[in-house]
Amino acid sequence: MYTFDARIRYSEGDCENRLTMNSLLNYFQDCSTFQAEDLGLGVRYMLDRGLVWALSSWQIDVERYPEIGESVKVGTLPYAFRGFIGYRNFWMEDGGGKRLAVANSIWTLLDLKTGKPEKPSQDMYDGYVLDPKLEMEYLPRKIVVPQEGEAKPEFVITRQHLDSNHHVNNGQYVKMALEYAEEAFAIRRLRAEYKKQAYLGDVFYPVVYAKEDGCAVSLNDKTGEPYAVVEMTGEKG
């Protein structure tokens, strides 16, 4: 288990002065990065070995979005390794210790050159001490979308979408998909399924699918195959 304390910044808020979903995801991603760095298993360790933990799926459940200026604690714990797959929980709580959000994530360890899965090193097994997984509703990784969707204008991947592994960061897919949610829609659950990696110059062809309690966005290539599918459910604000 790993935690760090933080305070919600103005740059992380929305027009209602509350933390955005994308900023919440970034807190979770940063938390696991901080843990890796503190264990000596961070960015430099991975790059030197030509490895990357590629995210396969997110499920983020929100009970309350904290307000700008509010103090919070962010935490993460790995709870299972299965072959080349790693499973990790995240959470955020307020100053009184009440849970604000909880998440489940599934990661695949890949060789950067071949793109093939690799088993974790002994350093990783030793460093990432497993804890019992958190209590939450665990939904399947696969996201099923309705048959009919609305195609949106295509756009090109630029440098701002890339991370240190030179592919589109998992948070960027979510940020793109959030643009298609209704403005007054309060997201209580976000799920993301990552199908394949995207790189500089790739073109995304978004398709938006309306659902009774939200929407799903498929970020596709020109053949209609998705790079990622993001589902947002909740309620109108």
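I take buried to mean under 20% relative accessible area, exposed to mean over 50%, and partly exposed to cover what lies in between, with a 1.4 Å probe and protein chains only. Helices (H or I, at least four residues) and strands (E, at least two) are DSSP runs that I number from the N terminus.

The model is predicted, and I therefore kept local features to a pLDDT of at least 70 and side-chain atom pairs to pLDDT 80 or more, while totals for chains, interfaces and linings use all residues. Residues are numbered from 1 along each chain as its sequence is written, and side-chain values use heavy atoms, with hydrogens and water left out.

**Entry 1: strand 10 and Leu219**

I began with strand 10 (residues 214-220), where 7 of the 7 residues are buried. In a regular strand the side chains alternate between the two faces of the sheet. I looked at each side in turn: Gly214, Ala216, Ser218 and Asn220 are buried on one, and Cys215, Val217 and Leu219 are buried on the other, which leaves both faces covered.

Counting two strands as paired if DSSP finds at least two bridges between them, I found strand 9 (residues 203-211) antiparallel to strand 10 over 7 bridges. Val207 has Ser218 of strand 10 as its bridge partner, and a hairpin of 2 residues links strand 9 to strand 10.

Within strand 10 I then looked up Leu219, which counts as buried at 0% relative accessibility. With contact meaning heavy atoms within 4.5 Å, and with neighbours within four places in sequence left aside, Leu219 touches Phe155, Tyr173, Met176, Phe204, Tyr205, Pro206, Glu225, Pro226, Tyr227 and Ala228. For a separation across the model I took Leu219 and Pro120, which are 99 residues apart in sequence and 30 Å apart in space, C-alpha to C-alpha.

**Entry 2: strand 2 and its partners**

I found 12 of the 12 residues of strand 2 (residues 51-62) buried, so this strand is largely enclosed by the rest of the structure. Strand 2 runs antiparallel to strand 5 (residues 99-111), to which 11 bridges join it, and the partner of Asp61 in strand 5 is Val102. Strand 2 also runs antiparallel to strand 8 (residues 185-194), here through 5 bridges, and Trp58 has Ala192 of strand 8 as its bridge partner.

Arg99, which lies in strand 5, is partly exposed at 28% relative accessibility. Leaving aside neighbours within four places in sequence, I listed Glu63, Met92, Glu93, Leu134 and Glu135 as the contacts of Arg99.

**Entry 3: helix 1 against helix 4**

I fitted axes as lines to C-alpha atoms, for helices over the stretch in contact, with angles running from 0 to 180 degrees between N-to-C directions. On that basis the axes of helix 1 (residues 21-38) and helix 4 (residues 170-178) come within 10 Å and cross at roughly 170 degrees. This makes helix 1 roughly antiparallel to helix 4, where angles over 145 degrees count as roughly antiparallel, under 35 as roughly parallel, 65 to 115 as roughly perpendicular and the rest as oblique.

Met21, Asn22, Leu25 and Gln29 make the contact from helix 1, and Asn170, Gly171, Val174, Lys175 and Leu178 make it from helix 4. I sorted these residues into 4 nonpolar, 4 polar and 1 charged, taking Ala, Val, Leu, Ile, Met, Phe, Trp, Tyr, Cys and Pro as nonpolar, Asp, Glu, Lys and Arg as charged, and the others, Gly among them, as polar.

**Entry 4: Asn17 and the cysteines**

Most residues other than glycine have a negative phi. I noted that Asn17 has a positive phi, near 65 degrees; Asn17 sits in the loop between strand 1 (2-7) and helix 1, and is partly exposed with a relative accessible area of 42%.

With a disulfide defined as a pair of cysteine sulfur atoms within 2.5 Å, I counted 0 disulfides in the structure. Cys15 is in none, and the nearest cysteine sulfur, that of Cys215, is 17 Å away, which is too far for a bond. Cys15 counts as exposed at 66% relative accessibility, whereas Cys215 is buried with a relative accessible area of 8%.
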